[in-house]
Amino acid sequence: MAAAGQRQNTMNQRTRKILTIDIGGTNVKVLATGQSVRRRFPSGPSLTPHAMVAKVKKIVRDWHYDVISIGYPGRVLHGRLAAEPRNLAPGWVGFDFAAAFGCPVKLLNDAAMQALGSYAGGTMLFVGLGTGLGATLIVDGVLFSMEWGQLSYRKGTVEDYMGTRGLKELGKKEWRHHVARGITRMVNAFRADDVVVGGGNAKKLKHLPPGCRLGSNANAFLGGYRLWEEESEWRRSVSPDLTIIRTAGGRRETQEWRAA
């Protein structure tokens, strides 16, 4: 009986259609199982959770989905929103997304969701350069979402210098300097096997810090799908080639990366 139940659960996972919602400070992007083209609409400081739900329902009305993954630009604790977003309207903490959408919903920090989609084994540090600043550490499949951007830095916070605000106020050259300095310090602190730099502003870097690879925003949707998989399922989808960074002469050098 137990084996039959397990087979049924595996079958349900394979046939379940997942809608992933990636909420950013500039845009909300969505993609569902079986679809190849992302859809989006603007977000910003006036976006409430009620408005987000209404707009998502409108642009995916011709898509079928059974469950939803939401990447949220703020702190998520034990699957619940723990703080209001800095770049959206208030009212998100305590909002019942499952009731609003009429189906099961899982919540994860937006940087953590992209990190989950980027993960290929071992110890990975993910840094998300977007409207704000996200950071996630995954160690042997265990995910730790961090609020690195809220730490004090110079006359403000790390996010003030490495987020979009810093890019606009400081200019690209100085912004790139702060990003490189910040990521290098994080890499030295955590000694990760793999360092991924993602988010919408990652492409504005002239050069990646040593030992880093460029992430893809599309990995947020893979992370949304993995959020509904059993850990044993998504672990089978990662690359077995985990030794991707070696140390030579005191310098970290990135070796050829084989995507899973």
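Thr136 has Ser145 as its bridge partner in β10. The model is a predicted one. The two strands concerned, β9 and β10, run antiparallel and are joined by 5 bridges. The hairpin of β9 and β10 has 2 residues between the strands, and Asp140 in this hairpin takes a positive phi near 50 degrees.

On its other pairing, β9 meets β8 in the antiparallel sense over 7 bridges. Here Met124 has Ile138 of β9 as its bridge partner. A hairpin through 3 residues joins β8 to β9. Strand β8 (residues 123-129) is also joined by 5 bridges to β13 (residues 194-198), and these two strands run parallel. Within that pairing, Phe126 stands opposite Val196 in β13.

Taken together, these strands belong to an open sheet of 5 strands with mixed pairing, in the order β10-β9-β8-β13-β14. Each of β10 (142-146) and β14 (212-214) has a single partner strand, so these two stand at the edges and one side of each lacks a neighbour in the sheet. Direction ignored, neighbouring strands of the sheet are turned by 20 degrees against each other on average. Helix α4 packs on this sheet, touching β8, β9 (133-139), β10, β13 and β14, and its direction makes about 45 degrees with that of β9. Helix α7 (residues 172-190) lies across β8, β9, β10, β13 and β14 as well, and runs at about 160 degrees to β8.

How much of β8 is buried? The strand is mostly covered, with 7 of its 7 residues buried. In a regular strand, side chains alternate between the two faces of the sheet. In β8, Thr123, Leu125, Val127 and Leu129 point one way, while Met124, Phe126 and Gly128 point the other way, and all are buried.

Helix α4 also meets another helix. The axes of α4 (residues 110-118) and α8 (residues 219-226) come within 6 Å and cross at roughly 85 degrees. That angle is why α4 counts as roughly perpendicular to α8. On the α4 side the contact is made by Met113, Gln114, Leu116, Gly117 and Ser118, and on the α8 side by Asn219, Ala220, Leu222, Gly223, Gly224 and Arg226. Sorted by class, the contact of α4 with α8 has 4 nonpolar, 6 polar and 1 charged residues. Helix α8 is mostly covered, with 7 of its 8 residues buried. The buried residues are Asn219, Ala220, Phe221, Gly223, Gly224, Tyr225 and Arg226.

In soluble globular proteins, nonpolar side chains tend to be buried together. In this model the largest nonpolar core has 26 residues, and those with the most contacts inside it are Leu19, Ile21, Met52, Val56 and Phe101. The elements giving two or more residues to this core are β1 (18-23), β2 (27-32), α2 (49-59), β4 (67-72) and α3 (97-101). Leaving aside residues up to four places away in sequence, Phe101 touches Ile21, Met52, Val53, Val56, Lys57, Tyr65, Ile68 and Ile70. Another core, of 24 residues, lies apart from the largest one and has Ala135, Tyr153, Ile183 and Val195 among its members.

Phe41 sits in strand β3 (residues 39-42). With a relative accessible area of 7%, Phe41 falls under the 20% limit and so counts as buried. Again not counting residues up to four places away in sequence, Phe41 touches Asn27, Val28, Leu47, Met52, Lys55, Val56 and Ile59. One of these, Ile59, is 18 residues from Phe41 in sequence, and the two are 8.7 Å apart in space, C-alpha to C-alpha.

Two loop residues remain. His78 has a positive phi of about 50 degrees although it is not a glycine. The residue is placed in the loop between β5 (76-77) and β6 (80-81). Is His78 buried or exposed? His78 counts as exposed because its relative accessibility is 78%. Arg154, likewise not a glycine, has a positive phi of about 50 degrees. The loop that holds Arg154 runs between β11 (152-153) and β12 (156-157). Arg154 has a relative accessible area of 54% and is therefore exposed.

Key: Residues numbered from 1 in each chain as written. Predicted model: local features only at pLDDT ≥ 70, side-chain atom pairs only at ≥ 80, totals over all residues. Heavy atoms only, no water. Axes fitted to C-alpha atoms, helices over the stretch in contact; angles between N-to-C directions. Helix = DSSP H or I, 4+ residues; strand = E, 2+ residues; numbered from the N terminus. Parallel < 35°, antiparallel > 145°, perpendicular 65-115°, else oblique. Contact = heavy atoms within 4.5 Å. Nonpolar A, V, L, I, M, F, W, Y, C, P; charged D, E, K, R; others polar. Pairing = 2+ DSSP bridges. Buried < 20%, exposed > 50% of the residue type's maximum accessible area, 1.4 Å probe, protein only. Core = buried A, V, L, I, M, F, W, Y, C linked by side-chain atoms within 4.5 Å.
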